[in-house]
Structure formats: C-alpha cells, structure tokens
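Please walk me through this structure. Start with one chain, then show how the two chains meet.

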2 protein chains.
Amino acid sequence: MKIAIIGTGLVGSAWAIVFARAGCAVSLFDSVPGAADKAVAMIAERLRDLEHNGLIDQSATVLARIGQASSLAEAVEGAAYVQESVFETVADKRAIFSALDNVVGPDTVIGSSSSGIPASAFTDHVACRARCLVAHPANPPYLIPVVELVPAPWTSPDTMARVRALMSEVGQEPIALTREIQGFVINRLQGALLSEAWQLVADGIASVEDIDRTVSAGLGLRWSFMGPFETIDLNAPGGVADYARRFGPLYKDIHDSRREVRDWDDALIAEVERQRREALTQASLATRSAWRDRRLMNLARHKRAMADRDQTEDS
Amino acid sequence: MKIAIIGTGLVGSAWAIVFARAGCAVSLFDSVPGAADKAVAMIAERLRDLEHNGLIDQSATVLARIGQASSLAEAVEGAAYVQESVFETVADKRAIFSALDNVVGPDTVIGSSSSGIPASAFTDHVACRARCLVAHPANPPYLIPVVELVPAPWTSPDTMARVRALMSEVGQEPIALTREIQGFVINRLQGALLSEAWQLVADGIASVEDIDRTVSAGLGLRWSFMGPFETIDLNAPGGVADYARRFGPLYKDIHDSRREVRDWDDALIAEVERQRREALTQASLATRSAWRDRRLMNLARHKRAMADRDQTEDS
C-alpha cells in the first residue's frame with residue numbers, strides 16, 4: 001500500500017516512520033526545496049534509535065520503503081492515503097487542500113495532522129471533501145500510538161471507517177470523534193489537567209515539582225495502561241456506577257469549588273518558568289528531551305512485553 | 001523506628017507493607033475484634049505477590065516486622081509516627097483523634113489517610129493538633145508512591161517537614177500542600193480529567209473506550225514518568241514559557257468552551273455503565289483488578305530499572 005506524506009517537518013517525518021515500519025511504501029513531498037532531504041536524514045537517525053532500543057528489527061529495510069517525490073502529483077499518484085502535515089494556519093491548510101484536490105485519485109483519502117484547526121475550516125471548498133478529515137497524532141506518533149480522527153460535517157462515514165481501519169493496521173490506536181469540538185479530545189483532556197495544575201500554582205497550593213510528582217508517581221501510573229473510565233470501574237466493588245454514586249458528589253464539590261481560573265498571564269508564566277528552570281536549566285532541555293524519548297522507547301517495549309504476556313495467558 | 005497503624009482495613013494494611021518493607025517495626029491496632037488478624041493474613045498474601053513479582057526479596061522477613069498490639073496505647077507506645085486509617089466519617093475521625101490524644105507520646109506525629117475530609121475538621125479539639133495532618137496515599141501505596149501531605153491551619157511546619165522526610169525515607173513520594181483545599185491535589189487533578197471525560201460522553205463526542213485509549217495509548221505514557229509541567233516544558237523549543245505563550249490561547253479557548261458540565265445523573269451513569277459492561281462484564285471485575293495489580297507491579301519494576309540506569313549514566 002502506498003502512503004503519501006505531504007509536508008515533511010517533524011510531524012510528517014514521524015508519520016513516515018509509522019507507515020514505513022508497518023510495511024507501506026511511503027512517498028515524501030515538501031514544497032520547500034531540500035526539506036525532504038533533511039527529513040530522510042532525520043528519519044534514518046530515528047530509525048537507528050528505534051533499532052538500537054529494540055523496537056524495530058532492520059532500520060535499513062524500513063528506510064528503503066521511504067522515497068521522495070519530485071511533485072505533489074507524483075507523491076499522491078496511486079496513494080491509498082495522504083497524511084498532510086504542512087504548517088498549521090488556515091491559509092496554508094486551505095492552499096494545500098486546493099492543490100491536493102487537483103491531483104488525488106477518486107479513492108484517495110486525505111488526513112490532516114491539524115492539532116487544533118478543524119477540517120471544516122479548510123476543506124469546505126474542495127471536491128474531494130467527503131474524503132477529508134483530521135487525523136491528529138500525538139508526538140511522536142511512532143512512540144505514542146493514539147490518533148484522533150475528527151470528521152468535518154461532510155466527511156463520509158466510509159472515510160472515517162477506512163482511516164480507522166488503516167490506523168489500526170499500521171499499529172496506531174485510532175479514536176473516532178462524532179463531530180468537531182474545540183481542541184478535539186486529546187487536548188481537551190490534557191487541557192483539563194493542565195488548567196487545574198496551573199491554577200494550583202496560581203493559588204500557591206503546591207509547587208510545580210510536587211504537582212508533577214502527583215502525576216508521575218501517582219495518577220500517571222495506572223493511566224499508562226488503563227484510561228480514566230477503566231480506572232474508576234476497578235476502584236469500587238460494584239464497578240463504575242458504584243464509583244460514580246460514591247464519589248460523584250466529591251467530584252461535583254471539587255468542580256464547583258473552581259469556577260474561575262486565572263489566565264496564564266506573564267506573572268504566572270514567569271513563576272512556573274522560574275520553578276522549572278530551578279529543576280532543569282534552559283541548556284539542559286535538549287538532553288532531557290532525548291532522555292524522554294529513550295524513556296518512551298523503553299516504555300513502549302515494556303508495554304509490548306506486557307501485551308504479549310496477556311495474550312499468552314489468554315490463549 | 002516504630003510505626004503504628006491504627007485501623008487495619010485495606011488502606012491500613014497497605015500502609016503496613018510500605019513501612020515494614022522499608023525496615024520499620026510496625027504495630028497494628030484495630031478496634032474491631034479480629035480485624036488485625038485478617039489484615040495480617042492479607043498482608044502476607046500481598047507480600048508473597050510482591051516477592052513473586054521481584055519487588056521485594058524476602059516476604060517472610062518483611063512480615064516478621066509487623067506485629068499486633070492489644071490496645072491503642074500499646075500500639076502507639078514509642079512510635080515515631082502513627083498512620084490513622086479508620087472509617088472516613090467526621091465522627092469516626094474525631095473519636096480516634098480524641099483517643100490518640102490521650103495516649104501518644106510528646107514527639108509522636110499522626111497522619112490521617114483521609115482522602116477528602118481535611119484535618120481541620122477532626123483535630124481542632126486535641127492537644128496534639130500541631131502534630132496532626134492528612135497523609136493521603138494513592139491505592140495501593142506500596143505500588144503507587146505518591147502521598148499528599150495536607151496541613152490543618154495549626155499543623156506545625158516541623159510536623160510537615162518530619163513527615164515529608166519520613167515518607168521519602170520509606171520510599172514514598174510525598175507532596176506538600178501549603179493549605180487545605182477541597183479534594184486536595186490528587187483528586188483535584190484526577191477530577192479535572194474525569195470531569196472532562198464524563199462530559200465528552202454526555203455530549204456524545206466519543207465513546208468511553210475511545211476516551212480511555214486517548215489516555216492509555218496517549219497522554220498517560222509520558223505522565224507515567226513526567227508530570228504535566230515537565231511534559232510541556234519539553235514540548236516547545238524554549239521550554240515552558242515558550243509553550244505557554246504558543247498554546248495558552250488554545251487552552252483558554254478550550255476552557256472557555258466548557259462552562260457548564262452535566263452532573264453524573266442516573267441516565268449518564270447508566271450510559272457509561274452500559275459501555276463499560278460491554279467491554280468488561282460485572283463478573284470479570286475482580287479478575288481485571290488482579291490484572292491491574294500485576295501491571296502496576298511490572299510497571300514499578302520497569303520504573304525501578306529505568307531509575308537505576310539513569311543513575312548509572314549520571315555517575
């Protein structure tokens with residue numbers, strides 16, 4: 001199966017790894033001269049990292065599935081799916097969808113990596129709009145498998161079903177929204193937690209470090225293998241309904257106690273920044289990001305081993 | 001060092017494991033006849049699980065550190081710290097703190113496992129109130145190390161400092177609140193995410209299963225080893241201030257888009273319950289809970305191995 005990657009920055013390059021790792025032929029195109037060359041070099045390095053960390057067998061074999069196209073038309077020719085990852089402005093997105101509309105085949109589906117702009121804002125004008133949707137990944141998608149699929153009002157159910165099946169086939173975890181909503185689901189859930197975390201700092205209740213450890217040494221452990229609903233389903237003898245009746249009033253009280261939140265104004269940002277820079281200097285951000293990526297790779301391997309064991313026990 | 005565990009249900013028993021594992025002498029007392037016997041049997045079983053999963057070396061050695069006291073006075077005699085875990089009502093908490101006030105030594109500190117009632121509601125009347133606070137664990141504390149320390153207005157700074165040091169010594173991750181707040185920090189952060197998750201179901205945006213996978217295959221991965229602030233600190237080139245300026249407006253839009261939330265009413269609970277029971281039958285809840293505990297144990301071992309490796313690389 002051929003996949004076209006349009007826009008080959010950080011996000012597009014990471015998508016190329018997802019599809020090539022799964023055995024797809026991947027064609028890269030970026031309108032900026034030299035961008036696809038840089039992407040291939042970055043992809044090669046990431047693939048070596050993945051091989052080194054035991055997540056893929058043969059980085060060279062995977063890399064060989066990725067090629068560069070000399071035009072948008074060449075990139076999408078014969079592609080079952082196009083993953084669009086150009087710069088995230090409405091104007092850029094509208095322009096690339098206009099261009100794609102002229103060259104894609106009649107069965108090709110186009111997913112946009114848009115993290116916040118809904119597809120209705122940039123696909124209303126194209127003939128192929130029933131085959132367009134948002135397919136928003138986490139970063140990087142080859143280590144964090146969730147992909148949220150967000151239909152525009154005119155996206156066909158068949159398009160949603162095909163992209164959901166494709167994402168599952170290539171090893172991602174697609175989640176399907178029924179309609180567009182501000183921030184989609186990933187950032188709404190992240191935003192809910194962040195909003196409370198920032199407000200706790202604004203109120204002087206706890207330090208940035210302590211709030212972080214509440215998650216990294218607490219809530220985040222179960223959430224790395226079970227979602228919030230399964231967590232509470234297992235936290236009351238009778239399951240989720242039992243839990244909701246026992247603790248619903250507590251959560252309502254918590255919700256009602258927080259009606260107003262402070263904007264992330266300059267003073268509040270400066271305070272969070274001050275606390276973070278005490279924990280990690282500006283100069284160490286890159287080293288720590290590399291550490292995070294290694295931790296994500298090791299966690300992915302751990303989760304794979306756990307899934308294999310579950311399967312063995314079930315059979 | 002001697003630790004007294006007062007109230008030996010699920011929470012108290014789990015605390016006994018934390019302290020005994022770290023080498024403390026643990027004295028159990030429960031006013032219900034036979035309760036401490038049941039606790040010892042449960043503790044023995046949990047310790048064997050931990051040994052079987054490579055988290056402790058000698059379960060028998062740890063178990064030997066745990067004894068039963070025949071009275072409250074005997075339990076707390078010579079104890080540096082008392083962990084109170086009786087039934088969570090204001091009346092029960094007030095009664096046990098009155099009783100403790102009569103028998104604790106002049107240096108003994110008392111932490112309550114209260115998950116929601118603040119210490120100011122049940123320690124105002126006791127002479128030792130400067131040495132009382134809430135020390136609320138996650139469940140179970142021997143696998144999820146976060147403990148939130150919540151002072152009443154009269155809790156002394158020395159008490160906070162001593163319990164923080166003690167919890168770190170025994171391998172927990174203490175976080176210190178500056179004052180009491182509805183739901184404390186753990187449940188406020190969990191509640192923020194849950195509130196948004198339930199509302200997404202109420203709005204028909206996504207299924208319970210898909211919302212769960214947004215966390216378990218997405219947001220929860222990084223959160224299992226980094227908190228929300230460190231996550232965003234590493235998600236923009238210039239760190240957290242850069243991130244806040246780029247994405248603050250998006251999160252504000254998300255926040256502003258959700259002013260009203262629906263209560264967890266019977267119809268909404270029934271819908272979540274229906275979806276969860278399709279994923280997991282009522283009869284399978286216990287089996288799945290045992291699976292969760294094994295996963296938590298394996299994750300704890302994984303995290304310990306990662307921490308050891310980080311230390312090796314640093315040295």
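Buried residues make up 49% of the 315 residues in chain A. A residue is buried if 20 or more other C-beta atoms, placed from the backbone, lie within 10 Å of its own, exposed if 12 or fewer, and partly exposed in between. This is a predicted model: local features need pLDDT of at least 70, side-chain atom pairs count only at pLDDT 80 or more, and totals for chains, interfaces and linings use all residues. Residues are numbered from 1 along each chain as its sequence is written, while chains are lettered from A and ligands numbered from 1 in the order in which they are written.

Chain A has 12 helices and eight strands. These are DSSP runs, numbered from the N terminus: helices are H or I with at least four residues, strands E with at least two. The C-alpha atoms fill a box of roughly 55 × 50 × 45 Å along the principal axes.

Now look inside. Nonpolar side chains tend to be buried together in soluble globular proteins. Here the largest nonpolar core has 186 residues. Such a core is a set of buried Ala, Val, Leu, Ile, Met, Phe, Trp, Tyr and Cys residues joined through C-beta atoms within 7 Å. Ala16(A), Val185(A), Ala16(B) and Val185(B) have the most contacts inside it. What does Val185(A) touch? Not counting residues up to four places away in sequence, its partners include Glu148(A), Ile175(A), Leu200(B) and Ile205(B). Two residues are in contact if their C-beta atoms, placed from the backbone, lie within 7 Å.

Next comes the meeting of the chains. Chain A gives 85 residues to the contact, and chain B gives 85 residues. On the side of chain A that touches chain B, α8(A) supplies the largest share, 14 residues.

Helix α7 (residues 186-202) of chain A and helix α7 (residues 186-202) of chain B have axes that come within 8 Å and cross at roughly 150 degrees. Axes are lines fitted to C-alpha atoms, for helices over the stretch in contact, and angles run from 0 to 180 degrees between N-to-C directions. Among the residues that meet are Leu189(A) and Ala192(A) in α7(A), and Leu189(B) and Ala192(B) in α7(B).

The other pair is α12(A) and helix α12 (residues 285-314) of chain B, which pack at about 145 degrees with axes 11 Å apart. Arg295(A), Asn298(A), His302(A) and Met306(A) meet Arg295(B), Asn298(B), His302(B) and Met306(B) there.
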